[in-house]
Structure formats: structure tokens, C-alpha cells
Amino acid sequence: MALESKQLNNILELKDVNVSFTVESSSLHILRDVSLQVPRGSFLCIVGESGCGKSVTAQAIVQLLPDNGRVDSGLISYYENDQATELNKLEKFGREMRSFRGAKIGMIFQDTLSSLNPAHRVGRQVAESLLQHHNLSKDEAKERVIELFRKLGIPDPERRYNAYPHEFSGGMRQRVMIAIATICEPDLVIADEPTTALDVTIQAQIMTLLKNLQKSAKRTFILITHNMALVSEVADHVAVMYLGRVVEYGSVDQVLRTPRHPYTQALLQSVPSLDADKSVELKTVDGQTPSPAEVTKGCEFAERCLFATDTCRDQIIPLMTFQGNHQVRCIRLDEKGNLPKQNKAGSNV
Amino acid sequence: MSKEIVFTEPLYQAKGIKKYFPVTGGVLRRKIGEVKALDGVDLDIYRGETISIIGESGCGKTTLGRMLAVLQKPTGGELSFDFGDGLKNVVGLNRTEELAFRRRVQMIFQDPYTSFNPRQRVGAAIDEVLQVHGMKDPEERFSRIKESCEMVNMRVEYLQRYPHEFSGGQRQRLAIARCLAIRPELIIADEIVSALDVSIQAQIINLLRQIQRETGLSFVFITHDVAVARYVGHRIAVMYLGSVVEILPAGALPENAEHPYTIALLSAVPDMNLQGKKKEIVLQGEVPSPIDAPSGCAFSTRCPYVMDICKTTRPVLRLAYEADSSHQVACHLEKPPIGA
């Protein structure tokens, strides 16, 4: 059992969460023993490539997995006033779970056009969750929505309240999504790739907005993204995922400045920086991410890893903890957290 | 800073390229306005260089690529290509001339899944291109295909497969192989790494750079990712709302950008190494619609340094303040806005 005092500092904890999806009558192991601690008031980023399970993690937390997915084992605990609630033990669409979704946990999704109802005015869609969770009159709700629109930088909020989603640009629609997610002033906001479909200048505006929302209200944010550079600008803590497993977790400095896991290292070196030396080739990872059905034992990254040994492919890889709670799932690290100097011969197949 | 190679032999020249798309409305679908997707673009592409075109969505970079490939005809302006005996107009060519042009200029698209026929084996798809261009001998065609597959590190056995059997990165390699098979002189690559995961993206970027070094091909590399554009290209053309606002050597980024929009774009790009070290111009608002683009400078509605002249007179490309003949800016400001 973890320390009591430590739990008080966390708003959310995931412990050995396993999720599987049934696809064509076979079961795919999508999340593999995912454990995460989310300190209250922090900004946690979950990064990884497509198919690594980062979005599924978010869906599992709020119990919005697709119909063919289910949490097989593990605990998802939400802490509030010294009280823990096991979210995954609640009924999916029961009263209690609904009091979390929207009210205590806000969600922002990538695809704004399919998340907003095209037939309803946006103001009403934002006010809906207010009316659901609070005892307010329609006029009071409208007032609160317009006030929030103004705070989020939506110009002419009184008029925009009555507009339809298609009348908004992508960046403005994402602001509306943020309004829906934060109107009930939730303590925790989960944002799944909120800026991936947006241009960089708009992305910068939205990220500044999110960061301010986090700081001003001491809110906790979980941002799911594939963009390492974006992580470096906003995160306090980072979890790196690969094929359903958290392979590295730590503070933003630990993970991005001193990455330990071979996958994190490769991921960081494969994106050119704005001041990259053009005479140096980008580091690549050979091959491609395997399907979850192909890897059933050992390290998920072993097939593409330059440091992998036979042991890596056979045994369960334990989580190693280094100075300052820097957690890495790799058995090739020495006690100081360094990888062996010599690359495995003939690795470049 | 790595040293810049200067290319001097022009291969392709675009002068004052305009592309207007009509906007129709009402029951009779009458023309009620125009979208100025491209509004007077000048661009020289030199033999052996990679020029990256960057800009945000709707800035016209894809339209420019399609113009350069003559997939659509420009509304105005001139496109001239060097077939080996000097620059020659390429708009409105006859069938044989057009084929000769297409053999030299090839295009790769963002989504390779939609650019391959799902019911045709990829080998046949590549073979077809060679047949169209008049290679009659099957053995010669096969050796060409084999050679181009080797260049993109694909096994020849894979040619028997169908497009759906490949991953996104592999399909993009095959699209590149199909281009290379007829040995073009210029490849226009439109957002070809945008849909790929970063580890795969790095493989394709390295591959492109390697092909470029080995064959001396010219590339037009269209992307929205500034860091990738800088890494891949020798020169960068920055576009905003249908015009090129700055052309500069890749090595001049990020420090020596002079156009306020380029600086704003750079400061919006998250970057691990340059955190807190970049010049900052934070843009408010969004790109105006190209239907009612501002008169004068297209950027004048959002530019923090806007002057009266910007609202009335359109700036043309001129030499940058940091006098380097390959660095041009379209801006009325006499000095770069933030100390260069």
C-alpha cells in the first residue's frame, strides 16, 4: 500500500489498469498494467505514438471506452477530501459516475466537429452541463456561459452564444469545447490531443489558455499528445507510453532532459529541433510498432530496441525507480540508470 | 551554423502566379466572389536544391504545389521550366510536350493510400507509370523498378502485394519509389510526412535527404512543420494568405527571420532547445478569409508593427536587411522588427 500522505497529494491514481478490446471475437490486450500518479494541481502529459493506448487511458478513467472495450483489472482512484472513489467500480452510466463526468472531471477532445452537435446552438450545449449538475435557471446559466466565453477569448460572446458549431473556426470551436469542459469548474481536466488539428499559431493560443486555466484555479490537467516539443512547454510530469505500457514516468526535466528508456531516447531524437544540426542524420527506430496481438510477453519494445537481449523478450519487465521518483521500465539500465555503452552488434536489420 | 550551398542554375520559375477560385451563391449559382488562393507568387527553383514551402492551413501552399505540377491552370502568371535548352512556358502544352514535362516533374501526396489503386498490385502501379512514358521493354522497366525500390529500401518481393498490406510509412516509400522510377528532375512533395508517427517520419526524412544527395534531384517540400522544413530544405519560402512573405536560406532560421509573420510563426512553434530563447511575437486572432483578403499587405490585419502604408500598398519581395542575396522579404518595415 502506498503512503497515506502521498495519496493526499494525488487527485488521481491508476494502479495496474488492464484494458482489453474484443475485435472479431478475439481479445486484444490494449492497456498493460498502467500505473500513474497525478499530483493535485499539476500538468501531466501522456505522450506516445498512435496506438500506444494514450487515448484509451483517458477513456478508461472517465469510463467512456467503446462498447467492445473493458477494464479487466486494476484500480482507478479519484481522491477528494481525504476520500477515495474507485471510478472503475462505479456503474458506467449510473448517477455517481455521471456526477464525476463533466462536473469533477472535464474532458476536451480533438475532433470538435464531431463532439459538438451541429443542430444545436453552441451556447445551449455549454449551458447543458451547467443545468445538469447545478441548480440554476436558464438565464443564470446563460450569463455564466457568456462570462466564460469572454474569459476564453471568444469575441462578441453574446452573439456567439446563439451561433451554430459550423459558424466557428477550428480554433474557436476548440475554445467552445474548453468552455464545455470547464464550465462546471472541475478539479481535473483531461484533454485528448486538443490542438492536433490546429495551426501552430492557434495551438499556441489554446495552450496558453489551458496553462492559465490550470494555474489560476489550481486545476489538474492531463494532456494527451504525440508532440514532445509541446510537452516540454507545458508539462510538470510526463508519462511515455508504448504499446499499452507506461515505459517511463517522471518530471518534465527527468524525462525530456535525461531520458532513460531507449524508446523515449529514440522518440526525442527523431524529431528535428528548430536549431538542429542539418549535417547530422535524424535517429530513427527500425521497423514499426507491432500489433498488440503480436507481443504477449516480455518488453513490448524489444523487437525494435538496440539494447534488447533474450531476457528482455522473455520476462516481465519490472519498473525501476531512480533518483527523484523517475520511473523506467527497462532491465538494461544499470543502478545509475544508464544504458550499456556498446550497442548490440548487427542491430540495424 | 552549417555552411550553405548556393544553387544558381534555375530549373523552374514561377512569376506572378495567381489562382482565383470562384465563389457561387443563390439559386442560379452565379459567381458572387472569388477566393484568392494565390495572389501573385514569384518563386525560383534551382537545380539540385530542396525548397521548403511553409505556412498555416489555407495559406495556399498546396495550391502552389498543384500549380507547379500543372495539375490545375493558374488564373494568371507564368510558369517556365528548363527542359535542357532554357526556360520554357509549361502552361497549355500539347500532349507530347506535356508528357515530357510530367516525366521531369512528379508529385507525391500526403495520403499514399488514396494515391494507389487499392485493386492493383503496387508493382503494376509503378510499371504503369513507366509504360505511359513509353518504356516498351519489360525487362528494362523491371530493372528500373528494382533500382527505385532499392533506393527507398523496399524489398522487390513486396511489389506483388496490394496497397492495404503496407503500413503508412511503407506506402509513402512506395509512392516515392513510383516517382523515382521515371527519373524526374523535380519532385513536389505535399505534406508527405504529416500523417506519419514521428519515428516513421524520421525514416522518410532521412530517405529524402539521402536521395537528394545521391541523385541531385530538386525537391519542393511542402509542410506545415517549420522544424522539418528547415531540416529538409536548403531554402524556405514562407507563405501567408496566398503570397510568399519571405524567402530565406534554411540556416537563417530561426535567428535571422525578418518578416513579422515568420517570427510569429517561429515563436508559436514549441521547441525543446529554444525555450525562452526565441524572439516573441504573439499573434492575436486568426487568419482572415481569403474571400475578403485585406488590401495592401495580407498580414496587415494581425501585424503588431502595422503602418499606414501597409493597409494600402502591397509590399513586394525585396532584399532582406541582413544583405544576403538569397534572403528576401515582402515587408514595408525598413528594419527587422526585433533586433537582428
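Predicted model: local features only at pLDDT ≥ 70, side-chain atom pairs only at ≥ 80, totals over all residues.
Residues are numbered from 1 along each chain as its sequence is written, chains are lettered from A and ligands numbered from 1 in the order in which they are written, and side-chain values use heavy atoms, with hydrogens and water left out.

The interface of the two chains is considered first. Contact (heavy atoms within 4.5 Å) links 42 residues of chain A with 42 residues of chain B. About 3,600 Å² is buried between chain A and chain B, 52% of it on carbon and sulfur atoms; buried area is the accessible area (1.4 Å probe) that two parts lose on being put together, summed over both. Of the area that chain A buries against chain B, 24% is supplied by Thr201(A), Leu274(A) and Lys278(A), more than by any other three residues.

A salt bridge is defined as a side-chain nitrogen of Lys or Arg within 4 Å of a carboxyl oxygen of Asp or Glu. Two salt bridges are found across the interface of chain A and chain B. The side chains of Arg213(B) and Glu281(A) form a salt bridge at 3.7 Å, N to O. Over all chains, the count by this rule is 26 salt bridges. Arg213(B) lies in helix H7 (residues 198–215) of chain B and Glu281(A) in the loop between helix H12 (262–269) and helix H13 (310–314) of chain A, so the pair joins two chains. Helices (H or I, at least four residues) and strands (E, at least two) are DSSP runs, numbered from the N terminus.

Helix packing was examined in both chains. Axes are lines fitted to C-alpha atoms, for helices over the stretch in contact, and angles run from 0 to 180 degrees between N-to-C directions. In chain A, helix H5 (residues 122–133) packs against helix H8 (residues 170–182) at an angle of about 20°, with the axes 8 Å apart. H5(A) and H8(A) are therefore roughly parallel to each other; angles under 35 degrees count as roughly parallel, over 145 as roughly antiparallel, 65 to 115 as roughly perpendicular and the rest as oblique. The crossing of H5(A) and H8(A) is right-handed, a crossing being right-handed if the near helix is turned clockwise from the far one by less than a right angle, and left-handed if anticlockwise. Val122(A), Gln125(A), Val126(A) and Ser129(A) of H5(A) meet Val176(A), Ala179(A) and Ile180(A) of H8(A).

H5(A) also packs against helix H6 (residues 138–151) of chain A, the axes coming within 9 Å and crossing at roughly 115°. This crossing of H5(A) and H6(A) is right-handed. Residues in the contact include Val122(A), Val126(A) and Leu130(A) of H5(A) and Ala141(A), Val145(A) and Phe149(A) of H6(A).

In chain B, helix H4 (residues 122–132) and helix H5 (residues 138–151) pack at about 120°, with their axes 10 Å apart. H4(B) and H5(B) are therefore oblique to each other, and their crossing is right-handed. Gly123(B), Ile126(B), Asp127(B), Leu130(B) and Gln131(B) of H4(B) meet Arg141(B), Arg144(B) and Ile145(B) of H5(B).

Two backbone features complete the description. The peptide bond from Leu253(B) to Pro254(B) is cis, with omega near -5°, and Pro254(B) is placed in the loop between strand S10 (243–249) and helix H9 (260–268) of chain B. Ser25(A), although not a glycine, has a positive phi of about 60°; Ser25(A) lies in the loop between strand S1 (10–23) and strand S2 (26–39) of chain A.
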